[in-house]
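Q: I have a model open and would like to learn how to read it. Could you walk me through it, one feature at a time?

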Amino acid sequence: MKKQFSIQKKHIRGLLVSCAMFAGMMINLNQADAYTFEEESTVLHVESQSSGSEVLINETSNKSDQKFPEQVSHQYSDEAQLTTMVYMALLWSPQPMVIPRRELPEKQVADPSMPVLAPRSEQILGTQKVTATGYTAGVESTGKGPKHPQYGITYSGVKVRRDKETVSTIAADPKLFPMGSILYIPGYGYGIVADTGSAIKGNKIDLYFPTTKQVYKEWGKKDVEVQVIRQGAGKCTEKMLSELADAIDVYKSVPDSWLDKAI
């Protein structure tokens, strides 16, 4: 009978331990803030193997003169062992894992007035403050009419071009911006230096527009800070203009691969 009672006691103890560990896991998953253990009220029961008598010891007792025979062997009672197991189960329960947020690469900033992206900082060779004026291929700007054989033809030999979504032809002082130089003009877009003029000296540039109405409505005359992303080699061809337009059309900006190829 004693043996059967001991086996049942072990089964009950194992069940209680399992329940305690499961409770600890559930409490931790619900992000419990703290667990309170009243250690001051914990009572340890000590059983003596030799005498079989049970002695009650209070942890908060300040009696320093209490002594126990050295030959007496002590064991913690079931209540003390269960308290320890519950505490350990709570400590060993799984802790929440914090996964750091992945940093995203820096995005290119688009000019709100333009359908293309501004060049990245590492693409910019330098900046230059200029006075930019809108112009057309007509008599009011070049003195040439539609019937003139050179109407709409730039100094470099390419036809004038205005395309917000890719690249436009602009005029500049070749001493400051050699032919073939690529600039980004805020509010206008990408421009390639393909033309020049007697009135365009120093920090002055002309931006091409198809009509005088567009010149006055979209631009007029402004002081802007342009960004140089390629220094020209002194020429601008139709093939160069076409390849640049195709590249910008795909990437919405000038890709590094094209710049390396052009250089």
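Q: What percentage of the 263 residues in the protein chain is buried?

A: A word on the source before the answer: this is a predicted model, in which local features need pLDDT of at least 70 and side-chain atom pairs count only at pLDDT 80 or more, while totals for chains, interfaces and linings use all residues. Residues are numbered from 1 along each chain as its sequence is written, and side-chain values use heavy atoms, with hydrogens and water left out. Buried means under 20% relative accessible area, exposed over 50%, and partly exposed in between, with a 1.4 Å probe and protein chains only. Here, buried residues make up 32% of the 263.

Q: How many helices and strands are there in the protein chain?

A: Both are DSSP runs numbered from the N terminus: helices are H or I with at least four residues, strands are E with at least two. This protein chain has six helices and nine strands.

Q: In which sense does E4 pair with E8, parallel or antiparallel?

A: E4 (residues 126-135) and E8 (residues 204-208) are parallel, over five bridges. Alanine 132 has isoleucine 205 of E8 as its bridge partner, and tyrosine 135 has tyrosine 208 of E8. With E9, E4 pairs in the antiparallel sense over eight bridges; threonine 133 stands opposite lysine 221 there.

Q: Which element gives the most to the lining of the largest pocket?

A: On a 1 Å grid over the protein atoms alone, a pocket is an open set of points with protein on both sides within 12 Å along at least five of seven lines, and lining residues have an atom within 4 Å of a point. E4 gives the most, with four residues. The lining has 25 residues, and Tyr135, Ser141, Gly197, Ile200 and Asp206 lie nearest the centre.

Terms used
Two strands pair if DSSP finds at least two bridges between them. On a 1 Å grid over the protein atoms alone, a cavity is a set of points where a 1.4 Å probe fits but cannot get out, and a pocket is an open set with protein on both sides within 12 Å along at least five of seven lines; lining residues have an atom within 4 Å of a point.
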